[in-house]
Amino acid sequence: MPAEFIWNVRVYYEDTDAGGIVYYANYLKFFERARTEWLRAIDVEQHALLREHDVMFVVKSVSAEYHAPARLDHELKLTLGIEKLGRASIIFVQQAWCGEQLLNTARVKVGCVGSDLNPRAVPPAVVEKMRNSVTTKTD
């Protein structure tokens, strides 16, 4: 079982601030894209989840620690691991790296909700795909 999912992204001018470094909030965008690409990689299509199961994923909380800056044209390696896979939530640990330099570490709690925004269990088939991917702990 892989320990983490990896997604690469290049830093563009639009990602930087006046100082020429990646604007702090853009790491959240990068991490969101990595989670979306991970779902695609494990064959979980978000529109189908909503259509077939009336569930979607929403971010409940984020904590991030900034270790070093990324700059224009850097190629970042984004990693994703699951710290905890619960009945209706997932805690991801995501990191951004430039070469061997750790730039950012975030913990992102994502909830599974219905179209009414009330909590729902993650569908069993999705749980199984997640467990077979990067899961480290389960409830």
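Start with Y24. It sits in the loop between β1 (5-10) and α1 (26-41). Helices here are DSSP runs of H or I with at least four residues, strands are runs of E with at least two, and both are numbered from the N terminus.

A word on the source. This is a predicted model: local features need pLDDT of at least 70, side-chain atom pairs count only at pLDDT 80 or more, and totals for chains, interfaces and linings use all residues. Residues are numbered from 1 along each chain as its sequence is written, and side-chain values use heavy atoms, with hydrogens and water left out.

Next, salt bridges. How many does a search of the whole structure find? Eight. The criterion is a side-chain nitrogen of Lys or Arg within 4 Å of a carboxyl oxygen of Asp or Glu.

Take E75 and R10. Their side chains meet at 3.4 Å, N to O. This pair links distant parts of the chain: E75 is in strand β3 (residues 75-85), R10 is in strand β1, and they are 65 residues apart. E75 is partly exposed at 41% relative accessibility. R10 is partly exposed too, at 36%. For the cut-offs, buried means under 20% relative accessible area, exposed means over 50%, and partly exposed is in between, with a 1.4 Å probe and protein chains only.

R51 pairs with E52, with the closest N and O atoms 3.7 Å apart. Both of these residues are exposed.

Then R120 and D116. Their closest N and O atoms are 3.4 Å apart. Shared partners join D54, D116 and R120 into one salt-bridge network. R120 is partly exposed at 26%, and D116 is partly exposed at 40%.

D54 also has a backbone point. Most residues other than glycine have a negative phi. D54 is not a glycine, yet its phi is positive, about 55°. It lies in the loop between α2 (46-53) and β2.

Look for it in the loop between β5 (101-113) and α3 (124-131). L117 counts as exposed because its relative accessibility is 57%.

Cysteines, quickly. The disulfide count is zero, where a disulfide is a pair of cysteine sulfur atoms within 2.5 Å. C98 is partly exposed at 21%. C112 is buried at 2%.

Last, the largest pocket. Its volume is about 160 Å³. Of its 13 lining residues, the closest to the centre are E32, R35, Q46, F57 and V110. Elements giving two or more residues to the lining are α1, β2 (56-66) and β4 (89-98). Which element gives the largest share of the lining? That is α1, with five residues.

On method: the search uses a 1 Å grid over the protein atoms alone, and a pocket is an open set of points with protein on both sides within 12 Å along at least five of seven lines. Lining residues have an atom within 4 Å of a point. Points are joined across faces, edges and corners, and the volume is the space filled by probe spheres set on them.

Key: On a 1 Å grid over the protein atoms alone, a cavity is a set of points where a 1.4 Å probe fits but cannot get out, and a pocket is an open set with protein on both sides within 12 Å along at least five of seven lines; lining residues have an atom within 4 Å of a point.
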